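User: I'm new to reading protein structures. Could you walk me through the terms with this one as our example?

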Amino acid sequence: MADKLRPEIWTLLITDPLRKFEDVKEKQELKEIDLDISRTIPNNKNVKVILGDLRIVLNAIAFAIPKMGYCQGLNFISATLLLKLDSERTYNVLFHILYFKRHMDLLINLSSIHSKIYALESRFL
């Protein structure tokens, strides 16, 4: 029973995105996304069913948050959500996590994070 309620609860806990899914879902197609989609959890037969929706959600997120764009690895998070939620709810949850919870800042500044880790390692190792 709790598993059936999970999608409803997740969507109740998020803030509405600034850009609605309907407004951004068909705005662009990114080649990087197509390359990653085929590599998304390849051994899971359920993922094969949602690949079309996955492409739409990833393109919508990349368009909705242009400062971040598409980041490798979002395909795995999105696919996991799509196994439980529909496309619009998946987009809403991702947008909330990335934009309102500011996790997009981590993805935008990956090179900065790598340089900070390197500085720490060289200082303490």
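Analyst: Happy to! Helices (H or I, at least four residues) and strands (E, at least two) are DSSP runs, numbered from the N terminus. By that rule the protein chain has nine helices and zero strands, and its elements run α-α-α-α-α-α-α-α-α from the N terminus on. This is a predicted model, where local features need pLDDT of at least 70 and side-chain atom pairs count only at pLDDT 80 or more, while totals for chains, interfaces and linings use all residues. Residues are numbered from 1 along each chain as its sequence is written, and side-chain values use heavy atoms, with hydrogens and water left out.

User: Which residues does Thr-90 touch?

Analyst: A contact means heavy atoms within 4.5 Å. Leaving out residues up to four places away in sequence, Thr-90 touches Val-57, Ser-78, Leu-81, Leu-82 and Leu-85. Across the protein chain, among contacts between residues at least 6 apart in sequence, 75% join residues at least 24 apart.

User: What makes a group of residues a nonpolar core?

Analyst: The group must be buried Ala, Val, Leu, Ile, Met, Phe, Trp, Tyr and Cys residues joined through side-chain atoms within 4.5 Å. The largest such core here has 25 residues, and Leu-58, Ile-61, Met-68 and Leu-74 have the most contacts inside it. Two or more residues come from each of helix H3 (31–37), helix H5 (51–64), helix H6 (74–82) and H7. H5 gives the most, with seven residues. In soluble globular proteins, nonpolar side chains tend to be buried together. Leu-58 touches Ile-33, Ile-37, Tyr-70, Leu-74, Asn-75 and Ser-78, not counting residues up to four places away in sequence.

User: Why is H6 called oblique to H7?

Analyst: Axes are lines fitted to C-alpha atoms, for helices over the stretch in contact, and angles run from 0 to 180 degrees between N-to-C directions. Angles under 35 degrees count as roughly parallel, over 145 as roughly antiparallel, 65 to 115 as roughly perpendicular and the rest as oblique. H6 and H7 pack at about 135°, with axes 9 Å apart. Therefore H6 is oblique to H7. In their contact, Leu-74, Ile-77, Ser-78, Leu-81 and Leu-82 of H6 meet Ser-87, Thr-90, Val-93, Leu-94 and Leu-98 of H7.

User: How do you know what to call the pair H5 and H6?

Analyst: The axes of H5 and H6 come within 10 Å and cross at roughly 125°. So H5 is oblique to H6. Asp-53, Leu-54, Val-57, Leu-58 and Ile-61 of H5 make this contact with Leu-74, Asn-75, Ser-78, Ala-79 and Leu-82 of H6.

Definitions and conventions
Buried means under 20% relative accessible area, exposed over 50%, partly exposed in between (1.4 Å probe, protein chains only).
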